[in-house]
Every structure is written in structure tokens, then in C-alpha cells.
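Please read the report below alongside the sequence and the model. It takes up helix packing and strand pairing in turn.

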Amino acid sequence: MRAKQYLYARLRSLVQDRGLDWPEKASLESPKKNAFGDLASNLALVLSKEAGIKPRDLAAELRTSLLESTPELQEIEIAGPGFMNFFFSPDFWRQTVPEVLEAGDGYGSLDFGQGHKVLVEFVSANPTGPLHVGHGRGAAVGDSLCRILRFAGYLVDAEYYLNDAGRQMDILARSLWIRYQQVCGSRVELPGDSYQGEYITDLAEEFYREHGRGLLDLDEPKALELCLDKGKSRILAGIKQDLQDFRVEFDRWFSEKELIESRAVDKTLENMLAGGLAYEQDGALWFKSTDFGDDKDRVLRKSDGELTYFASDIAYHAEKFSRGYETLIDVWGADHHGYVPRMKSAVVAQGRAAADFEVVLIQLVNLLRKGEQIAMSTRAGKFVTLAEVIAEVGVDASRFTFLSRKSDSRLEFDLDLLKQKSMENPVFYVQYAHARICSVLRKAGESGQKAEPDPDTLKLLNTDEDLELIQTLERFPDCIQGAARLYSPHLVSYYLRDLAGMLHRYYNRHQIVNAGDERLTGARLLLVKSVLQVLKNGLNLLGVQPMERM
RNA sequence: GCGCCAGUAGCUCAGCCGGAUAGAGCAUCUGACUACGAAUCAGAAGGCCGGGUGUUCGAAUCGCCCCUGGCGCACCA
């Protein structure tokens, strides 16, 4: 990041000296191959036409003026059709080490978000049953995204939208009511659309222990109301517990029921009708979403007077904006992707830019045991819960795995594999690197070997492995920026695997403690300390614990 | 039928706002512990980037057409 900013500033002023603007398509990136320099740019290629000079000639001119004005640049090579490959002096790179150590837990944090207010809504599972593995993935991604965006300079709140109104809650109440009657010995059948999971029976039995057969004397509506309250609060308490165990925090739990009771939904519909965004037809109220790019108009209020979920979702999102958030991010299951254009059009209809509302889609989790797929069905109550997964493989391995893939592609989650402490399980690879450094530092402490971050000491970090490691540390802020810009936590986990790999390589190649030279040991201790810091910062963003011992 | 996502090494996946010889881990084979943690490392092997076509100096990446798989297309939630 530092090198890039430094070079960008200088290149840009050279471009401006020619009376030109920095072209959109010009790149400045660390190339895949070391031979292509520490940083490489296609600037000359892209600018050539506008500047009226052949790419390689332009590159040569830029090269000359840069080398004269910037001592930090050791060499610039011109390659191929006109790429410029920049090589910084080792001293420039080595400055990264004290920079990391000085910034500490803040290393990698950015002003990229510029205090922009963002609301991330995720999980938002109906409180009709415990969270399962799929919710776990959404929880891990949403939570990690919040952490990353905060680190990147956004003001972020995390919110859980509680669908505690409507038909699903009624079904829950009825399911519980019938199970209760069954526990009391009545011969009533569970309707086909009921929740059939065992947790309902457990709740019914708990209910029985508290009230005996007393509820049987109540009117059915009264009994159902009790069942609804009881079921909802118990299940919600379970969800909250699971999320807490999974290290997922929310700033707010937003109740749909309260939204409706506050008449916010009605008001939103009235406004839409008044503003010509909605119309009545066939006894129903319709949103003219086709005016905003949707492929058909959508119903807001059914002809029987019931609100659709879409109606309360529109009101809810309007409400979020009214609380001052500039960008709304929703984390949804990928099976809801068809809902995205409709929600976008609603946001645009409310006078917001389409980009103010973004949806991160989470693909299915394919749960495996011994290589065999485990079939799941929510309605039938046959699923593996998040709590079970946490108990079996632990929070760290689960979270890291959930965050190790692009969220929009399917994920294989093999319970047996994740319990193994092998390379099949990359979380250990990264945590091991962290623990290894801790161990080295302990050893160094025991024998009183110290690290002094002065320039002369740092100069001893002069091998290829030293510089490679340092350059990777220097890229950490770029990684954060990318993850924040693309809403992609998995980029952080890939980065950490890279960094851990380099550390392991370094460790096998170079002696740190007892390196034979006190100052050399000191220099290497500084280096691994800064690696430790970056591993820690990165793991924190994933919600994975940096272990000191394993 | 329409739309969205995916198709990259035997397996699981990165890379995708165009960039140079396409990467990683696992699995396979060969090596490395009398110094700091071998849960590690070094090396080998492995590819018409689903197929075709266009755009251009340059395409895994962008456009169009097809094939395959998943998911959506309600006055459902």
C-alpha cells in the first residue's frame, strides 16, 4: 500500500506535467512474478495513444525522470510491449517492519470508507426454529464483513431483522399447541405444514412441566397466543445464544411486528400510492416496479387485505435509510436472488441510488460426513444445527471454512475433515504460524535476546525471504481495501494462508533465535513480530482466535 | 420458456473493473528434524481456464451463441 501510494503520486504528477489525466485503465499492481518488479504498471501502454508517443518510448521517458527524482526507486525495467517494472530499494521495503509494529492492532486499517454510514443486515432467520449450518455461513460472512468494513473506515452497524409477524409465526404457534396437546395425551394430528422438528416437542414438554394440563381449559385463540409468545421467546433466546457462541454480534434486533404496529408499513404504502408509485387493481395494491427495471409489477397488499412481505420489506428499508445510513447491505441466501431486482427497484423508487443498496448472496452449504452428503430439510426438522457444528468442530474451524470461499459459490463443509488437524484444514495452518511465532518469541525472551528497531539492525534483513515476507506485510492494507470494496471476506483468508506459508518457509530456512549474531537475531525477531501482528489483525477480522499455543 | 449463479490440475477452490510463462491446498512420487514447534519445509508431476465466436497490441477475465449443473420466476414466506 505504501509503495503503491508513493509511486502513484509521482507517476500521476508526471502524467499531469504532460497536461494529461491519469487514465482509468492504467494499473499499478504487484505482479504475479517477482521478475516483473515489486510493482508493475501498464501506464505507458494505456497512455501512449493520447500522449502521441510509442509505448516503449513513453516508458523510457517516464523512467528517466522517475529515477532522477526518487531515490527510493532502485531500478525501472521496461518490458514487453511497454510495461514498466518498478524495483524499490530494500531500505524502502524494510521501513514496513517498524510501520507495522508502531501501528500494532491498527495496522491495515484504512480511511477507505471515510466514515460512510453502513448498515449490514444478516442472518435474519425466522424465529421458528434453531439456526442451521446455512445460517452459520451467513452469520460468519455478515459478521466478518462488518469487521472488515469497520477496519476499512466505515461506520458500520449490524442488524438482525426479526420476521416475527405473519403466517410462519402462526404455524409455529399451532405446531407447539398441538404438540402440547399430544404431550397431555390428546389424540390430535399435526397438520402437514407444521414444523415437525424435535425442538417443538421439547418446548411442548417444557410447557407441560410449567403449566401441567392447565392450558387445555383455555379458549384456543388464547392458548395459541401463549404458544406463540412462548415459542418465539424461547427460540429467539436460543438463536441469540448460538450467535453469541459463534462470536457474532448485532447492534440491533429489529422487529417486523413492531414495524407493522407502528403503522410504518401503512404509511409507506400511502406515500407510494400518493406518489404514483403504486396503484389499485383487482382489489389489490400494486407497486409499479416495472418503472424501475423489474420485469413485472408486484403486489403490496393482497385483495384479502393482508400485507405481503415485500410491503414490510420496503417499509423496513425506507426506515433504515431514515435512520441515516447511506448504504444498506443485505446478506441473503442465494435462493432469494430473484428478489434482488424487486428490492432494488423499491429502493430506487424511494429516491435512492441503486448502489445505496447491495445484496451479498450466500450459496448453499453442502454438509458432508465421511465424504457423504447429509440431506437436510427445514420443514421436516431434519437438519444439522449450527450449535451442533460448533460443538463438533469448533468456532474457529467453522468460521474459517465459511470464510474460505467466495460467498456466492457453493461450499463443501466436511465435518470429519474439519476435525482433522491437517492441511485439509487451513485454519490450523494459519493458527500454527501464529503459535509458532509466539513460541519463538518465548524462546527469545528466555535467553534474553532483544529486538531493537533501528535502521542498522533492519539492514540485516537482506535475504530474498526477508524481502518477500516484508512485501507481503506491506500488501495487507491492499487486501483489506479489496475485501471491503468487493464485500469479500474470503480475500482475507486467502491472504492469511499466503502469509502463513511464507512464515513457515522463512522459519525452515532461517534461524531466528541463536542465529549466531545477536543483531541478526534481533532483526529477525522484529520481522516475525510484525508477521505475528498482521496474522493477528487478519484473524480478528475473520473472527478466528490467534492461538498462542496449540 | 425467461432470469441469476456456477463450469479453471484427479479432488476442493483462488484469480474475473483485460495484461506478461494461469495459481494454491489436498491426493501421488522424491527428499529434509543432534538449533527456535515436522500441525512444517524443499522438489517433481499434473491444464484445449465447458465449447464456439467476436472486440484488441493482448481474453480465464469483456460481448454474442450453444452445452452442462444449481437456483429462482405467486395476490408464498
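## Basis of the description

Contact, as used here, means heavy atoms within 4.5 Å, and helices (H or I, at least four residues) and strands (E, at least two) are DSSP runs numbered from the N terminus. This is a predicted model, in which local features need pLDDT of at least 70 and side-chain atom pairs count only at pLDDT 80 or more, while totals for chains, interfaces and linings use all residues. Residues are numbered from 1 along each chain as its sequence is written, chains are lettered from A and ligands numbered from 1 in the order in which they are written, and side-chain values use heavy atoms, with hydrogens and water left out.

## Helices H7 and H8

Leu-172, Ser-175, Leu-176, Arg-179, Tyr-180 and Val-183 of H7 meet Ile-200, Thr-201, Leu-203, Ala-204, Glu-205, Phe-207 and Tyr-208 of H8. By class, these residues comprise nine nonpolar, two polar and two charged, where Ala, Val, Leu, Ile, Met, Phe, Trp, Tyr, Cys and Pro count as nonpolar, Asp, Glu, Lys and Arg as charged, and the others, Gly among them, as polar.

H7 (residues 167-183) and H8 (residues 198-211) pack at an angle of about 60°, their axes 8 Å apart; axes are lines fitted to C-alpha atoms, for helices over the stretch in contact, and angles run from 0 to 180 degrees between N-to-C directions. The two helices are therefore oblique to each other, given that angles under 35 degrees count as roughly parallel, over 145 as roughly antiparallel, 65 to 115 as roughly perpendicular and the rest as oblique.

## Helices H17 and H20

H17 (residues 426-446) packs against H20 (residues 490-509) at an angle of about 45°, with the axes 9 Å apart. The contact involves residues that include Tyr-429, Ala-433 and Ile-437 of H17 together with Leu-496, Ala-500 and His-504 of H20, and its composition is 11 nonpolar, three polar and two charged residues.

Strands pair if DSSP finds at least two bridges between them. E4 runs antiparallel to E2 (residues 39-41), to which three bridges join it, and Leu-39 has Phe-86 as its bridge partner in E4.

Six bridges join E3 (residues 73-79) to E4, again in antiparallel fashion, and Glu-75 stands opposite Phe-87 of E4. E3 and E4 form a hairpin with three residues between them, and Gly-80 in the turn has a positive phi of about 55°.
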